[in-house]
Amino acid sequence: MDLKGACFVLCLLFLIHSSLQQSTPKKKTLRKESAKPSDIEELQKKVEEISKELLLLKEQQALQTVCLKGVKIHGKCFLADTEKKSFHTASEDCISKGGILSTPTSSEENDQLNDYVQKSIGRDTKIWLGINDMMTEGRWHDLTGSDVTYTNWETNQKPGSNPSQNCAVLSSASKGKWSDESCRADKAFVCQFNIV
């Protein structure tokens with residue numbers, strides 16, 4: 001074998017040896033450390049934060065679905081339900097979906113809600129509002145227990161004068177005017193969802 005051939009073989013053997021050394025993983029010395037209580041607490045906090053973020057994302061996704069099916073008005077989503085139910089059953093249904101019965105807080109919001117009701121449920125429909133005077137006759141509260149600051153009562157009606165009529169309805173036939181009726185009556189309703 002000549003010198004060139006011997007150099008070639010030596011170089012080849014050197015390259016093979018080098019590549020084998022590089023591909024063989026070096027053993028790391030592992031040291032067992034016991035977990036500190038502060039580390040565990042920090043991990044638990046991170047897990048809780050991630051869980052909260054996941055819930056928030058799920059709520060936002062649900063709201064986007066509601067807004068796509070319903071209508072968005074002033075930072076709220078509204079979703080109509082044509083099935084007629086009593087005030088309490090309708091309210092529970094909205095709560096189970098993550099909302100409340102619709103409660104307009106301004107004339108503009110009331111008009112837009114009325115337009116939505118006419119398009120989605122019908123022109124001669126009455127829907128439940130999230131407003132009642134069950135606690136004190138004539139004193140109207142929303143479902144959070146706060147006093148109602150905006151109203152749109154029928155001019156010929158004195159709400160709160162009949163103790164058997166404690167729940168408010170919006171009438172699309174009366175251009176969005178409100179009246180009070182028996183909470184046991186069956187009405188369509190619109191659920192309201194606050195956008196996060």
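Let's call a residue buried when its relative accessible area is under 20%, exposed when that area is over 50%, and partly exposed in between, using a 1.4 Å probe and protein chains only. This is a predicted model, so local features need pLDDT of at least 70 and side-chain atom pairs count only at pLDDT 80 or more, while totals for chains, interfaces and linings use all residues. Residues are numbered from 1 along each chain as its sequence is written, and side-chain values use heavy atoms, with hydrogens and water left out.

β6 is mostly covered, with five of its five residues buried. In a regular strand, side chains alternate between the two faces of the sheet. Here Cys 167, Val 169 and Ser 171 point one way, Ala 168 and Leu 170 point the other, and all are buried.

Now look at the neighbours of β6. Two strands count as paired if DSSP finds at least two bridges between them. Strand β4 (residues 126–136) pairs with β6 in the antiparallel sense, over four bridges, and Ile 127 stands opposite Leu 170 of β6. Strand β7 (residues 177–181) is also an antiparallel partner of β6, this time over five bridges. Within that pairing, Ala 168 has Asp 180 of β7 as its bridge partner. The β6–β7 hairpin has five residues between the strands, and Lys 175 in this hairpin takes a positive phi near 60 degrees.

On to the rings. A pair of aromatic rings is described by the distance of the centres and the angle of the planes. Rings of Phe, Tyr and Trp (its six-membered ring) pair if their centres lie within 6.5 Å; planes under 30 degrees apart are stacked, over 60 edge-to-face, and the rest tilted. The structure holds four aromatic pairs. One of them joins Phe 87 and Trp 128 edge-to-face, at 5.6 Å centre to centre with 85 degrees between the planes. Phe 87 sits in helix α3 (residues 87–96) and Trp 128 in β4, so the pair ties together parts 41 residues apart in sequence. Both Phe 87 and Trp 128 are buried.

Trp 153 and Trp 178 are edge-to-face because their ring centres are 5.6 Å apart and their planes stand at 85 degrees. Trp 153 lies in the loop between β5 (139–142) and β6, and Trp 178 in β7, so this pair ties together parts 25 residues apart in sequence. Trp 153 is buried at a relative accessible area of 15%, and Trp 178 is buried at 0%. Ring pairs link Trp 140, Tyr 150, Trp 153 and Trp 178 into a cluster.

Definitions and conventions. Helix = DSSP H or I, 4+ residues; strand = E, 2+ residues; numbered from the N terminus.
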